[in-house]
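Here's a quick briefing to read with the model open beside you. Take a look around first, then work through the points below.

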Amino acid sequence: MLKTVVCVSGGGSNLQAILDAVESGGITNAQVSAVICNNPGAKALERAARHNVPAIVMSPKNYPDRAEFHRAFTEKMCQLDPDLIVLAGFLVKIPEEMVKRFPNRIINVHPSLIPSFCGVGYYGLKVHEKALERGVRVTGATVHFVNEGMDEGPIIAQKPVEVLEDDTPQSLQRRVMEQAEWILLPQAIDDIANGRIRVEEGRVRRSPV
Ligand code: GRF
């Protein structure tokens, strides 16, 4: 059973997709053992509570400095001892010490087709604003392993989403979530939980189903 901790910051729609998939059988051999959230008012916390998943609120704002937060965050994660850490709309950079402690065991969903519209400053609605500004005809979402960089780890899966003429950043974000993120993230967790993917020489390799 893949013990999974999900990190969230906001609405929690990706967390909801994961919890629903575990309950429906879309994800097998995995359980969400805890949620960590940096925002005490996040709707994601209500979603965790409705599914009786223990939630821990930890924000850099409650620590004297970033190094102290990194230490406490990493210590808490080690106590939880997950097989997999899932960043689902999590807006806090993962400390290097945590990446080292959980190599190829942290995954993230990003709302674009990496390497487009990613890296420092590209998160949430900003990603879709930049995609519309550039005039791309196709965008989408990416699930990838987390390494020391920002959105630079080995790519697990991507799904394209068409950009429509009358799209606003909000309408595009919603469609990317509905048509890509909420599908890719549960699928990636199920693949990992059932041994269908591994990382070799920095690339994700898939075993035959
Ligand atoms: C999503 O677009 C996700 O890709 C981004 O944050 C947004 C909110 O996600 N990282 P959620 O509703 O909190 O899962």
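Predicted model: local features only at pLDDT ≥ 70, side-chain atom pairs only at ≥ 80, totals over all residues.

- Serine 116 lies in the loop between β5 (106-110) and α5 (125-134).
- Now pick out glutamine 31 too: serine 116 and glutamine 31 are 85 residues apart in sequence, and their C-alpha atoms are 32 Å apart in space.
- Is proline 208 buried or exposed? Proline 208 has a relative accessible area of 76%, so it counts as exposed, the cut-off for that being over 50%.
- You'll find proline 208 in the segment after β9 (203-206).
- Going from proline 208 to glycine 153 takes you 55 residues along the sequence and 22 Å through space, C-alpha to C-alpha.
- Glutamine 16 belongs to helix α1, and this residue counts as buried because its relative accessibility is 14%, with buried meaning under 20%.
- The side chain of glutamine 16 has a partner: a polar contact of 3.1 Å joins it to the side chain of histidine 51.

**Where the ligand sits**

- Around the ligand you'll spot a shell of residues, including Gly10, Gly12, Ser13, Ala88, Val109, Pro111, Gln173 and Met177.
- What kinds of residues make up this shell? Four are nonpolar, seven are polar and one is charged.
- Two helices, α1 (13-24) and α6 (169-193), each supply at least two residues of the shell.
- Which of the elements gives the most to the shell? That's α6, with three residues.

- Glutamate 181 has a polar side-chain atom 2.6 Å from an oxygen atom of the ligand.
- For asparagine 14, look at the backbone instead: one of its polar backbone atoms is 2.8 Å from a ligand oxygen.
- Glycine 11 also takes part through its backbone, with an N or O atom lying 3.3 Å from an oxygen atom of the ligand.
- How much of the ligand does the protein bury? The ligand exposes 360 Å² when taken alone, and the protein buries 89% of that.

Methods. Residues numbered from 1 in each chain as written. Heavy atoms only, no water. Near = heavy atom within 4 Å. Polar contact = N/O pair within 3.5 Å; in protein donor to acceptor, adjacent residues only side chain to side chain. Areas by Shrake-Rupley, 256 points an atom, 1.4 Å probe, with all protein chains shown as cover. Helix = DSSP H or I, 4+ residues; strand = E, 2+ residues; numbered from the N terminus. Nonpolar A, V, L, I, M, F, W, Y, C, P; charged D, E, K, R; others polar. Buried < 20%, exposed > 50% of the residue type's maximum accessible area, 1.4 Å probe, protein only.
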